[in-house]
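Good morning, and thank you for the time.

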Amino acid sequence: MIVGRREMLRAHVTRRMGHGQRYVVTRVYLSDRTIEQQVNPGRPDGDELPWTRVGTYADLATERTALTRKGWAVEAPRD
């Protein structure tokens, strides 16, 4: 992560792809209002997978509500 950006919100959801195949999608909402996403197809070394910028947000509370409504697990930011 770039210096000066702080994680404000983290959320994840498990998705299915085919019979028995699952993958975890993690999104982080950063203090510069960008959203980055990481897709882990079940690899144990998932922390080393790349992050992709997927958008921006205007209101963090609205994003939290929308994610919860869509079934995402919302977590407190990591330090």
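I shall take the sheet, then the helix, and then an aromatic pair.

A word on the source: this is a predicted model, in which local features need pLDDT of at least 70 and side-chain atom pairs count only at pLDDT 80 or more, while totals for chains, interfaces and linings use all residues. Residues are numbered from 1 along each chain as its sequence is written, and side-chain values use heavy atoms, with hydrogens and water left out.

Helices (H or I, at least four residues) and strands (E, at least two) are DSSP runs, numbered from the N terminus. Two strands pair if DSSP finds at least two bridges between them. On that basis, five strands form an open, antiparallel sheet, ordered β4-β3-β2-β1-β5. The edges are held by β4 and β5 (73-75), each with a single partner strand, so one side of each has no neighbour in the sheet.

Strand β1 (residues 7-16) runs antiparallel to β2, and nine bridges join them. Within this pairing, H12 has T26 of β2 as its bridge partner.

Now to the aromatic rings. Rings of Phe, Tyr and Trp (its six-membered ring) pair if their centres lie within 6.5 Å; planes under 30 degrees apart count as stacked, over 60 as edge-to-face and the rest as tilted. The count is one aromatic pair. The ring centres of Y29 and Y57 are 5.6 Å apart and the planes stand at 65°, so the pair is edge-to-face. Y29 lies in strand β2 (residues 22-30) and Y57 in the loop between β4 (52-56) and α1 (60-69), 28 residues apart. Both Y29 and Y57 are buried, meaning under 20% relative accessible area, with exposed over 50% and partly exposed in between (1.4 Å probe, protein chains only).
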